[in-house]
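The following exercises concern a single protein chain. Please examine the sequence and the model before reading each solution.

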Amino acid sequence: SLAKKAEQENVDLVILCGDTLEFFETKNIIKPFKEKNKKVLIIPGNHETAEENYFISKLYKIKNLHGYSTKYENVGFFGAGGANIGPGYISDEELFKTLKKAHEGLEGIEKKIMVTHMHPRGSKSEFSGFEGSKAITRAIKEFKPDILIHGHIHELENIEETIDKTRVIN
């Protein structure tokens, strides 16, 4: 239904913020968007490993943002997936290094969107009881993305806030 909606609304780009493998068959998550000729960006969540995410990105010929960046029109996207629990575990130190590596590919790009699975420390998403990532908060302050899109806290989808000057969207 989301792929059909994306087609009807002429969506340019679909961003999947992780947790796409453990509970689902990927053919019903990614394939419908590909069948509608939608560009898809993906990062791993805490329910899949970076290696599984890499495999899925190759299988469906979609862009893996975990540690990488890409440009779409005049907007740069960079990201890092995983969380501090589960098969997709990533330490805060490694998460920041991965975001930094990804951000380096966007030199000279003014508009930037950061994509993570985890939420930043001190964000509204901590309402869930899961502490946010200091690395993501640090990345907001250092890289100054216009927007941060994250997942992880499924019960709080569509929650928005502003941290520094970055619009944060769960």
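**Exercise 1.** How many bridges join strand 7 to strand 9, and do these strands run parallel or antiparallel?

*Solution.* The model is a predicted one. Step 1: locate strand 7 at residues 147-150 and strand 9 at residues 166-169. Step 2: three bridges join the two strands, which run parallel. Step 3: within this pairing, isoleucine 147 stands opposite arginine 167 of strand 9.

**Exercise 2.** Determine in which sense strand 8 pairs with strand 9, and describe the hairpin that they form.

*Solution.* Step 1: strand 8 covers residues 160-163 and pairs with strand 9 in the antiparallel sense, over four bridges. Step 2: threonine 162 has arginine 167 in strand 9 as its bridge partner. Arginine 167 also stands opposite isoleucine 147. Step 3: two residues lie between the strands of the hairpin, and aspartate 164 adopts a positive phi near 55° there.

**Exercise 3.** Is asparagine 46 buried or exposed? Identify the side chains with which asparagine 46 makes polar contacts.

*Solution.* Step 1: asparagine 46 belongs to the loop between strand 2 (39-42) and helix 3 (50-60). Step 2: the relative accessibility of asparagine 46 is 5%, and a residue under 20% is classed as buried; asparagine 46 therefore counts as buried. Step 3: the side chain of asparagine 46 makes a polar contact of 2.8 Å with the side chain of histidine 117 and another of 3.1 Å with that of histidine 152. Step 4: leaving aside residues up to four places away in sequence, asparagine 46 also touches other residues, including Asp19, Ala83, Ile85 and Pro87.

Terms used
Residues numbered from 1 in each chain as written. Predicted model: local features only at pLDDT ≥ 70, side-chain atom pairs only at ≥ 80, totals over all residues. Heavy atoms only, no water. Buried < 20%, exposed > 50% of the residue type's maximum accessible area, 1.4 Å probe, protein only. Polar contact = N/O pair within 3.5 Å; in protein donor to acceptor, adjacent residues only side chain to side chain. Contact = heavy atoms within 4.5 Å. Pairing = 2+ DSSP bridges.
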